Amino acid sequence: MINKSKQDTYTYQIATLSNGLPLLHIHMPESNRVASAVSVAAGHFDDPKEYPGLTHLLEHMLFQGTETFPSGTVDFNQMLAQYGGKSNAWTSSELMNFYFDAHANAFENAFHHFSQFFVCPEFSLQSLEKEVSAIDSEFKLKTRDELRRLNEVHKETCNPEHPFSKFSVGNKKTFLTSNLQQLRKSLVEHFNNCFSADKMKLVVASPFEFEQIQQIAEQYFAEIQATAAKKAELPQLYRPQDLAIQIQVKPLKQIYRAIYTFVLPSEGEDYSSKSVHYLSAILGDEGHGSLFEQLKSQGLIVGLTAGCGIDDGQSLDFNLSMQLTPAGVDCINKISEIVFAYINALKKADFSQYIYAEKAQMSRLAFQHLEPKKPIEWVAELALKLHTYNAEDVIAGDYLMDGLNHQWLNKALASLSPSQLRLVVLNPNHSFDYLSEWYQSPYKVEKIPTDIQAHWSKMQQSSFVLPQPNPYIPERMTALESSHIDSTPQKIINDKGMVLWFKQDQVFKLPHAHVYVGLDLPNSHGSAKKQALTRLYVELVLDSIMGENYQAETAGLTYAITSHQGGLTLHIQGYSDKQSKFVRHLIGQLRLRRVTERDFNQTKVKLINAWNNQNQIKPANQAFNLLTQSLQNNQYPAEMLAEQLTEIEYAEYAEFSVHLFDRVNVEAFVYGDWDLTQALQLGEEIKSIVFQRSKAAPEVSRKVFKFAKQAFDFHLALPIDSTDTAIVQYYQSNEVSERATACYMLINQLLSPIVFHDLRKQKQLGYLVGSAYFPINLLPGVIIYVQSDNYDEATILHQLDHFYQSIPAYLSQLDEQQWYNIQQGLIHQLNEKDSSLRASAQRLWMSIGLKDSSFRRTREICQWIESLTFEEVLEEMSEMFAPDGDKALITLSASKQQQNVRSESAELVVGSATELRRHLQSAVEAVSLKRG
């Protein structure tokens, strides 16, 4: 009997196929979707020494054709796309995970196709050559990824005999050490070693009966053999020389961080205790007397997290990760003294049962009110958990906390010592001795001197305070009775300067709720400087209230304060029992925050570094960001904001902050486990707090810049050490309507599989290739993007032009049934029931923001999707992609090149994001798209 939450209406049944393969079925009788996942107890650790990354390559190759469905015939992803489905896979250290979803009508066909991945993969030499190139592109794409670069340093400074030390991604250099035939031979052998029924788990979610699923699974999966091969025992991850060391790492971005990694004993199979949460709760606390407060009050850090890292079943990495201030970067020894003084005091303190009990209570509550995720996410997650937990605990396992294991905790506390420490310091300004082999990350390793270790071990602090009992732990565990039944949110306050929407949840019936408070602030609007000051204000508020609100967060009341086009938005979610009190508290915290000049300078530097770091993200993502920032009023590129903030002094900020809330317009939404009386009372309290010192103001206008029947080409110059080239082409609709939205969504549904097949799979233009529906506010659009490490701008643009000309040939193969499937697949996606209260809240708040006051827009779009003919959509596409035709098009190219490689008729801006935005907004029309 599988232990599930009270909210979970699905039925779970587990069986074992004739070959020993476990099958878990999730019965979802009201769903029209199916999903399935296969997980395998094999990963990077199993790579043969002669082929690093071979498991990753194997994962890719299983999608490239089977003996039953050869490459060049039926493409799995294209077939799924016709039924509104998708598939994916990933490989970790010790696991692989494959999963797909589709409309239920496609189940047996898709399931048969999926099963053959694990029965008879084709491994054609042509596909193998392409996937080697694809993985090589993926590797190159991620060479500037900071986490990968840091992880490689970790690999190079641990035991080289442990499989964790291997290069796990693979590239052409590792795969093509000999010829393709030899690689294929090794791949087949590796497949036979990895894919054994006793190493695999199968999960299916469907509206069909268990007996039917079991019969079909037996039919398609029983051919997989069981080898019962045992895994080799792992050596220790760290040797003595790998501990008591300090590792300096040079990041590409302006990142300043210290990571204290202590090597603790693994909790192993004792998953029901989770005693490590006790340590995390104390060392990660942000309240009075905490380690965080001590370090922050001295201006050394601005953030601290505590939690687990690598766990190989023998040892467990426990990490204290700190975001440093500029002063903290030069005071690592002082930080270490404070850290060990706190740890040494913790070792002497008695165990505080209430700390573990509070964590256990919150964990129980989380499980009791756990909402199943989307079917594709749920099957993928449960397939993995079947490798970790007993079958009955496959859902509950993450939430079990059955009692503190004092024996383990004593061993863990003893391991919180300098001799078990690996101290990593990220600082772009240090000198370094080594470059990591694959990602070229500079680093230096130094042994921590024994006298320093002894000094840290003796550090003491005069007073030690454990986290206090949490006043925000919810007391009411069940949802309120329904008292206000409406199918859509209703305006319950509509006064000058304030609108409050309310809807009591009738579906999920959880003791949870979401409160959104949107504040339009006219004084935040009108220039890049004002936007930079507003963003700085948000960061300073968040930094200053972090410690005050930590207990609320640990009790499940999470919050976010974000800047938007017209001002700020607060989002508070979690248990509804004490939510009202916290909402009032949080809104009050927005006003009259005391900010010292030191806080101002620290946060200013942090924000400028974050904005400057944007030029280190993927070129395609830079282009996406630039589009959204340049095509809306009061949105500015990070480069522009950094320039403005650099010039701002403390006195100017102080003056701005005093007047930021002089005029305010409020639009709020209360949704979930609230009744009407409570919502009205909260609305009045919000009004009282906000308008105590502010005047009511109208909404701030939202505008999108249109460039109908014009083509613009822009080149963004990337840093000189960048190796990739990105092209992003954005096609903008010339009208705002539900019909145009439906048409552009259908265009993307048609484009996505053929863009991937032609440009990514066949032409191998790059690893990051695709199309997407790309609306800005209510204005529809479609983007096609390519990021390549092999081709220059001229080549990619030529290939795109050729691709556009070939689209009619692709689409001519589409029959009426396939067109109908595409329409219905998109409609099913749009009409898919919200899988959680969170998803429902986000959808409704977005509708409110778009002024869809009848909440009928999605229904109207679906009606248009159903009524549009293939010929009408094809005509729109033909006009969109016609050579030299009238079209609303921006082509953004990003590389280290500086020359114009595009048509002479288009305008060109070379260089900065600031230039692009200024040029665009002076060349196109601004139209208000927020509907009344």
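How many helices and strands does the protein have? The predicted model contains 31 helices and 28 strands, taken as DSSP runs numbered from the N terminus (helices H or I, at least four residues; strands E, at least two). Residues are numbered from 1 along each chain as its sequence is written. Because the model is predicted, local features need pLDDT of at least 70 and side-chain atom pairs pLDDT 80 or more, while totals for chains, interfaces and linings use all residues; side-chain values use heavy atoms, without hydrogens and water.

The C-alpha trace spans about 80 × 70 × 60 Å along its principal axes. Among contacts (heavy atoms within 4.5 Å) with a separation of 6 or more, 84% join residues 24 or more positions apart.

Of the 932 residues, 58% are buried (under 20% relative accessible area; exposed, over 50%; partly exposed, in between; 1.4 Å probe, protein chains only). The accessible surface comes to about 37900 Å², with 48% belonging to carbon and sulfur atoms (Shrake-Rupley method, 1.4 Å probe). There are 84 positive and 107 negative side chains, their centres lying 5 Å apart (Lys and Arg against Asp and Glu, with His and chain ends not counted; charges placed at NZ, CZ, CG and CD, respectively for Lys, Arg, Asp and Glu).

Zero disulfides were found in the whole structure (cysteine sulfur atoms within 2.5 Å). C862 is in no disulfide, and the nearest cysteine sulfur, that of C743, is 15 Å away. C862 is buried, with a relative accessible area of 6%, whereas C331 is partly exposed at 25%.
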